[in-house]
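Work through the exercises below with the sequence and the coordinates open. Each task is followed by a solution in steps.

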Amino acid sequence: MKNINIICVDDQSEVLDSVIRDLRSLEDFFRIEGTESSEDCLSLIDEIDSRGEQVGLVISDHVMPGTSGVELLKTIFNDSRFSNTKKILLTGQANHADTIKAINEAGIHSYFEKPWNAEELLNTVKSLLTQYILKTGIDHTEYMPVLDQAVLLEYLRKNA
Amino acid sequence: MQKTNWIKIFFIVLLSALTLFIPFDSFGVHINPIEQRVIALFVLAALSWIFEPFPIWSTSVLVIVLMIFTVSDKAPAMLLLDDGGSKFGNLLSYKALMATFADPTIMLFLGGFFLAAAATKFQLDFNLARVLLRPFGKKPHFVLLGLMLVTAIFSMFMSNTATAAMMLAILAPVLAIFDKEDKGRIAFALAIPIGANIGGIGTPIGTPPNAIVVKALAEMHVPISFAKWMFFAVPCMLVMIVIAWFILLKLFPISKKSMELKIENRFLKTPSAFIVYITFATTVILWMLGDVLGLDSNTIAMIPIAVFSITRVISKDDLNKMSWDVLWLVAGGFALGLGIQKTGLASHLLEAIPFASWPSLMVLVGASFIGVFMSTFMSNTASASLLAPIIAALGVSMGAGIDSLGGVQGLLIAVALSCSLAMSLPISTPPNALAYSTGFVRTKDMAKMGVLVGIVGLLIVFAMMSFLGNIGYFSKSKDVLQVSPVVTEENVKEGIKDLAAPTPLIQIIEVEKKEKTLEIRLEVPLDMPADEVLKIPVNADSKSLDSESITEPKIDAEPEKTEAVPEVAPAKPAPAKAPEAAPASPAPAKAPEAAPAKPAPAKAPEVAPAKPAPAN
């Protein structure tokens, strides 16, 4: 259990804490990690992968010192080890061009604008992780309490 | 893999290995080394299915592979060091073990999978649900009944899990707007798994435990067709649903006055969609009319597979996404059954335990309760796989004693149905787990309801089996063996035992001494080829046989109104061994298995035309 990791990236530690707090209800099922820069995030996911664990979801801010969030997500998107990893961009400062790049080149699955609605974020995270679990063939029965019902039911209707 | 899993695996392997050293001989049970290995594999399968150190289908694969390497004719020579004689045991055919993956019953299921996959892909499930639910109106308690019935009907042809998922998807938005204090929410959330679980009993393809039993019956030459199954199972299912509906309304009264299910889909009108509608309907109709048309249910299942493949209704991707794990799980169950029956283990164990003297009702009730109990905590399919081979042997050993309860067929079918009646915990079945995860149901509610439905269901099953037994629903045909008088009844009995071991379904019902011959009336399974009946080796002492008097051992035609009686020319007996009544003409390979209601000629080509078998 707890082989699937959720990684939150934000250079402002209070924002980072707040994101992690919003996801606290998932703690029993997923390992939730926070890093304050893109570089830290990349070395963390590298380490997670070498431990044989999975990176289910990365939630990243955009504007950070060093590598930007969109660049980070683009790197992850192009890394075959993380081809199923879900990606959320959570930012208040991305301009039009950044957003286009995030969608076209980093293949993000969801975009949240700061300040965000905690419940909405949690629901999106659940839905994306459910898709991740079903897509990668991990035994979903162990995660039943936190899975997105609608996504699960639609999958089982077709695949059970 | 996690540490706890390794510990589980260690103990499972240890315990099953220890079974290899149990001195059965000292308990008066005489089994040979091969049979002892089968027992160890059975223990291994049972423990792995209970404790699940790996997925249940993997256990099946493991069982098949281990059987091939330890008890088959392709086992490594070092494992078969013994003399290879009869003392060492009967080796299983490795081909038969591998063939479990594509057994006709598996193909029947695959046909069902194709139908279900096509139906969901083209929204047929939602559309049918919309149409079928409409007559139930907006009054919540009728909507509840409608949901249960529709769920059950779908579950007869789709997997229980897929059906429950689909119906819960329809129901969830409605339940979300129910008043939080309304107990009706519980009733609705429970209605879906109950409908899905009970619906599974309706057809042979409704749920995998049915497949285990259908296969076991086919192995014993008493196959049951699709229609013959539905004929008793659907009424059982409907009665259970209606009673469960009453109980639900009683326990969880609905306060809401009106409700509406919103299903937005429309019937697709593309050519592919019409192919799905027509093929679906045709297949189901053929399944129901198979007996009348002389078509085999397993063969009919190949039609949707072919049609959907060539019309691209089912793509390569869809094919790869089918639940092959379920089929492999079932295959493992078949292999276990094969091992227990074909090595002779079943008959050896039964010699040691006097089941035949047990009251038949006790055996039926006991077996069904064990079925419910086991499948409450473990996979229904695994429970059926473990129980069916044992119960089959037991039923056979009870002989005519259990005929009033439907014979061995009734007993095995009751086991399959009881495995579907376990629904008192979220872990009992996947539909239960889904309903529980909606958050509207507490374990306590589910347990209360599940136990009640289980008990009511079992009572209905007992009543049905007793009814079917009394009307002779699973009757056998009667053949007459006419042999020379020096061949005694005992000789023939021995011979029958040898031939039919480990499933002596042939029974002597009457012996009549005539001037020159001894007429022995036999009851044989409907589809047993006549040449097999003829091969009954009559183990008479050769010295006592006067060659004159044994020249005419034959199976004679005894025209009886409704019974299939093959007629064969007398065969020349082998001089050394007593009258081995082999067919006179070149023996064909086993005659094709005929559907029960099919006219008897298919029984064995070389026999003279026989009377049509009873159509019952």
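The model is predicted.

**Exercise 1. Backbone at two loop residues**

Task: Find where Glu52(B) lies, and state what its phi value is and whether the residue is buried, exposed or partly exposed.

Solution. Step 1: Glu52(B) sits in the loop that runs between helix 2 and helix 3 (56-70) of chain B. Step 2: its phi is near 45°, a positive value in a residue other than glycine. Step 3: most residues other than glycine have a negative phi. Step 4: Glu52(B) has 16 C-beta neighbours inside 10 Å. The limits are 20 or more for buried and 12 or fewer for exposed, so Glu52(B) counts as partly exposed.

Task: Repeat the analysis for Gln123(B): in which loop is it found, and what is its phi?

Solution. Step 1: the loop between helix 5 (104-121) and helix 6 (124-133) of chain B holds Gln123(B). Step 2: phi of Gln123(B) is positive, about 60°, although the residue is not a glycine. Step 3: with 17 other C-beta atoms within 10 Å, Gln123(B) is partly exposed.

**Exercise 2. A peptide bond in chain A**

Task: Determine which residues the cis peptide bond of chain A joins and where Pro115(A) lies.

Solution. Step 1: omega is about -5° for the bond between Lys114(A) and Pro115(A), and this bond is cis. Step 2: most peptide bonds are trans. Step 3: Pro115(A) belongs to the loop between strand 5 (110-113) and helix 5 of chain A.

**Exercise 3. Two helix pairs**

Task: Classify the packing of helix 5 (residues 118-136) and helix 6 (residues 149-159) of chain A.

Solution. Step 1: the two axes come within 8 Å and cross at roughly 25°. Step 2: angles under 35 degrees count as roughly parallel, so helix 5 of chain A and helix 6 of chain A are roughly parallel to each other. Step 3: helix 5 of chain A contributes Ser127(A), Thr130(A), Gln131(A) and Leu134(A) to the contact, and helix 6 of chain A contributes Val151(A), Leu152(A) and Tyr155(A). Step 4: by class, this contact has 4 nonpolar, 3 polar and no charged residues.

Solution. Step 3: Ile275(B), Thr279(B) and Thr283(B) of helix 12 of chain B meet Ile303(B), Pro304(B), Val307(B) and Phe308(B) of helix 14 of chain B. Step 4: the residues of this contact divide into 5 nonpolar, 2 polar and no charged.

**Exercise 4. Core and interface**

Task: Characterise the largest nonpolar core: how many residues has it, and which helix gives the largest share?

Solution. Step 1: the core has 199 residues, and Met148(B), Leu190(B), Val213(B), Leu411(B), Leu412(B) and Val415(B) have the most contacts inside it. Step 2: helix 19 (residues 380-398) of chain B supplies the largest share, 12 residues. Step 3: at least three residues come from each of domain 1 (1-102 + 331-352) and domain 2 (106-324) of chain B. Step 4: beyond four places in sequence, Met148(B) touches Ala191(B), Ile194(B), Gly195(B), Ile241(B), Ala244(B) and Trp245(B). Step 5: of the 616 residues of chain B, 52% count as buried.

Task: How many residues of chain A and of chain B are in contact?

Solution. Step 1: 12 residues of chain A contact 14 residues of chain B. Step 2: the chain A side comprises 6 nonpolar, 3 polar and 3 charged residues.

Terms used:
Residues are numbered from 1 along each chain as its sequence is written. Chains are lettered from A and ligands numbered from 1 in the order in which they are written. This is a predicted model: local features need pLDDT of at least 70, side-chain atom pairs count only at pLDDT 80 or more; totals for chains, interfaces and linings use all residues. Two residues are in contact if their C-beta atoms, placed from the backbone, lie within 7 Å. Ala, Val, Leu, Ile, Met, Phe, Trp, Tyr, Cys and Pro count as nonpolar, Asp, Glu, Lys and Arg as charged, and the others, Gly among them, as polar. A nonpolar core is a set of buried Ala, Val, Leu, Ile, Met, Phe, Trp, Tyr and Cys residues joined through C-beta atoms within 7 Å. Helices (H or I, at least four residues) and strands (E, at least two) are DSSP runs, numbered from the N terminus. Domain bounds come from an automatic or database domain assignment. Axes are lines fitted to C-alpha atoms, for helices over the stretch in contact, and angles run from 0 to 180 degrees between N-to-C directions. Angles under 35 degrees count as roughly parallel, over 145 as roughly antiparallel, 65 to 115 as roughly perpendicular and the rest as oblique.
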